[in-house]
Amino acid sequence: MRPSGRAIDALRPVFIQPGFAHHAEGSALIRMGGTEVLCAATVETRVPSFLRGKGQGWVTAEYGMLPRATHSRGQREAARGKQTGRTQEIQRLIARALRAVVDLKALGEISVTVDCDVLNADGGTRCAAITGAWVALRLALEKLVRDDTLPALPIKGQVAAISCGLTDDGPVLDLDYREDSTASADANFVLTADGGIVEIQGTAEKDPFTEAQFNTLMRLARTGTAELFRIQTAIVEEALKA
């Protein structure tokens, strides 16, 4: 039995509250177990200089953790004067995941920035951020269509992410911090609802893992993201009706 009491293929309880940030064009607070991330999408009618005059938009992301999101206080990166390599890597991952499901040509010369702020961390913060960011982005783009800024929704599909790992209990889905910190291998899977793969980050912390073990983790990831896609869809539909 896992420390949390979950089955090996069970997600932590997932809760998504749309519209949490009242002033953002789209937002969602996502909670996966003890991990909570606030995702807020901001729309601007301009694009980065390298895209000016090219008739296409841009989607990017920023990621950060509150000082007491973890067990001990972390220093604010603004106080340090620079972002850590981990922060830069994660926000680039979130941005790539979102751009994979957006038609940037159809977006026109509009930029969307999704800020992902970790309020509480208990493992899987980047995965929760990607899953919640898609909801925030979708709601922001829906607003552009409702306001007649765009003629149609420039989104091509859904994206979500989940962690899997090899622990003393075998291959498991959706690691919390206690499992993640002791896993012999772990991987983050960023997948689309139509079966596509955006990115897979896998690391052996001890001995190398086998292809068969990886395939087991992949199957678990498919199971987990299928449930996340269902939750995303239900939340967006509920928010649009409201």
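Guide: The expected span of a helix is 1.5 Å times one less than its number of residues. Helices (H or I, at least four residues) and strands (E, at least two) are DSSP runs, numbered from the N terminus. This is a predicted model, in which local features need pLDDT of at least 70, side-chain atom pairs count only at pLDDT 80 or more, and totals for chains, interfaces and linings use all residues. Residues are numbered from 1 along each chain as its sequence is written, and side-chain values use heavy atoms, leaving out hydrogens and water.

Visitor: How do you know what span is expected of helix α6?

Guide: Helix α6, residues 211–241, has 31 residues, and the 45 Å from its first C-alpha to its last is close to the 45 Å expected.

Visitor: What is the phi of Asp-174, and what is that of Asp-148?

Guide: Phi is about 60° for Asp-174 and near 65° for Asp-148. Most residues other than glycine have a negative phi. Asp-174 lies in the loop between β7 and α5, Asp-148 in the loop between α4 and β6.

Visitor: What makes β7 and β9 edge strands?

Guide: Two strands pair if DSSP finds at least two bridges between them. The open sheet has the order β7-β6-β8-β9, with antiparallel pairing. β7 and β9 each have a single partner strand, so one side of each has no neighbour in the sheet.
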